[in-house]
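Dear colleague,

I am passing on to you the structure below, and I would ask you to look at it before reading my notes, which follow it.

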Amino acid sequence: MNPVSFLAQMVRIAIPYLFAATGGVVAERSGIISLELEGLMLVGAFSATIGTHYSGSPWIGVLCGILGGLIFGLVHALATIRYRADQVVVGIAINLLAIGVTRFFLKLAFASSSNSPRINGFGGRAAAHGFDNPLLWMGLLAAPVLAFFLYRTPFGLRVRAVGEHPGAAASVGVSVNKIRYIAVAVSGMLAALGGVFLALDQHQFTDQMTSGRGFIAVAAVIFGRWDPVKAGLACLFFAAAETLQIQLQGNHVIPSQFIEMIPYALTIIALAGLVGRAVAPAALGKAVE
Amino acid sequence: MNTRTKEQLEEALFPPLVALLVALIFGDLLIMSYGQSPAMVYKLLLQGTWGNAYGFGQVLYKSTTLAFTGLAVSLGIRAGLFNVGAESQLAAGGFLAALVGLGLSPAVPGIIAVPLCMIAAAAGGGIVGAIPGWLKVRFGAHEVIVTIMLNFIVLALLNYIVAAHLHVPETLHTPEIHAGSVATLASIIPAFHGSAANFTILFALIAASVVGIYLFRSRRGFELRAVGLQPDAAEYGGVSVGGVWLRAMTISGAIAGLGGINYVLGYKHYYEEGFTGGAGFLGIAVALVGRNHPLGVVLAALFFATLSQGGLAIHAFVPKQMVEVLQGVVILAVAMSVPEVRAVLRRARKPVTA
């Protein structure tokens, strides 16, 4: 196995997880459950495809993808914060809605029920192994940058405060719901970027192309104990397992289905507290008046 | 009807009605974005579902699976638990039913084979449901995340078993079962010929009645609802909250597992990878719109089955994906209007003082 190609493939698989998981961390640290990462990624991928297809520029695609994620993120925020809807239900609804909306408009825009035409992407020089893609670097930086914001800025302190003790935060004049709106909006844009990377990397949109990656990101958030850097490391670890599986193909030591299970099984083990306990932000899932 | 029941009924019925209205408006917009007339498309949707025997048979078939998964989710919610695992419980139920059907000799009569397959289906779903229940009671692991993660694990495991040991070459399904098939409705009413409707629907109605009696007429059901409303108070009143949680998750999983009968015994007579097709997730929508009441769940199952079959009826004019958007809109609208409607109604009822 060639280490350079292993590393390159691992990073490429990890980037969508990294964007989505950092998005999940922001929202959940503010107290809003984020099961909608899958849907946000899908919307991001589709919006980026539309933007790139009609403009020819992947940068316009990136902007469209962020915008799509922002819109869906705001719908999520409106439902859970303004209307105090059950956050788990809303997350699941957003996922279903994203599948429906992307399929409907795929049909409307490209008269296809499976995929879009080929679109432009970033980089692509064989010698660079994908490292000439600016989005890849953004993905790698997302987690450390978020960690800086969460732990080293007043805004990050507020996000953590409204996620742990909204009452206490409100009593010192922090607008709990405003902070949560911002956190969920940022989460929507970040998760969407994961989908943008996928679509531009594969040079097209295909129906349900995120295929469960959003839930791997949810797993990484929990396995990383709601910490951006640890969640990022979990993403890299899950990606490494997947890369190993791909590179070992043809050599049936372990059936691929068992490799697929790794992130999910580890998350359950982490939740059960068998390898140190995963404790969620105290006010996660609780709406405030 | 006394005031209390009337108030409860209002709080239960308004959110789905609001959601329906919102969905209709969204539907209009989507249809018009495709340059078609909403009135014509809605008419077509109704004709293709309730307007002819084949379409109606398909609606009945689809609503059967949804009734099982909807009942499963709603029973969990009544106990204060969110079972997001109905998808894999349904698959596990169908898989074990097929295994038993494959293992039995063709000579075994249906009256014995069908109940055996049903027990297997309930056991399959029940085991998959019991795991998150146990993990919650024993370790405090949140059932939402555990059921989501288990969905992936169980489906991957079933895919592995079928792919490695059981599939018919070139397909994703097992061989046909030898014993234990449920008759089609067409065998009694010939007009249903060609549709997948079968007598599993009777089992679904029985399941709904049993769940209703269990929840509202039995001591165990009373305990379950008490735990769902106020776990601490229930514990103080002498109820073992952990015991109720474990039992509720197991029963919930078993009901979802029974749904597998509809496909495996009633329709295709084999287990196939992906036969669940999202019915487990849609069960959440069914429970939500049915307001977690067995009667409401059955009606909501009919509604979502109509939407899903209706998508095929209108496909020549508007892509069938429209109904998927509407499903999402309905769930979102119900979820948003439940707390809102309650607040508005309670404000309106408050006697005016001062």
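Two residues are in contact if their C-beta atoms, placed from the backbone, lie within 7 Å. Leaving aside its neighbours within four places in sequence, A:Ile60 is in contact with A:Gly51, A:Thr52 and A:Ser55.

Please keep in mind that this is a predicted model, in which local features need pLDDT of at least 70, side-chain atom pairs count only at pLDDT 80 or more, and totals for chains, interfaces and linings use all residues. Residues are numbered from 1 along each chain as its sequence is written, while chains are lettered from A and ligands numbered from 1 in the order in which they are written. The model scores ipTM 0.89 and pTM 0.93, and chain B has a mean pLDDT (the predictor's confidence in each residue, from 0 to 100) of 93, with 99% of its residues at 70 or more.

To return to A:Ile60, this residue is found in helix 3 (residues 58-82) of chain A, where helices are DSSP runs of H or I with at least four residues, numbered from the N terminus. A:Ile60 is partly exposed, because 16 other C-beta atoms lie within 10 Å; a residue is buried at 20 or more such atoms, exposed at 12 or fewer, and partly exposed in between.

Most residues other than glycine have a negative phi. B:Arg291, however, has a positive phi near 55°, and this residue lies in the loop between helix 12 (279-289) and helix 13 (294-313) of chain B. B:Arg291 is buried, with 22 other C-beta atoms within 10 Å.

Conventions:
Helix = DSSP H or I, 4+ residues; strand = E, 2+ residues; numbered from the N terminus.
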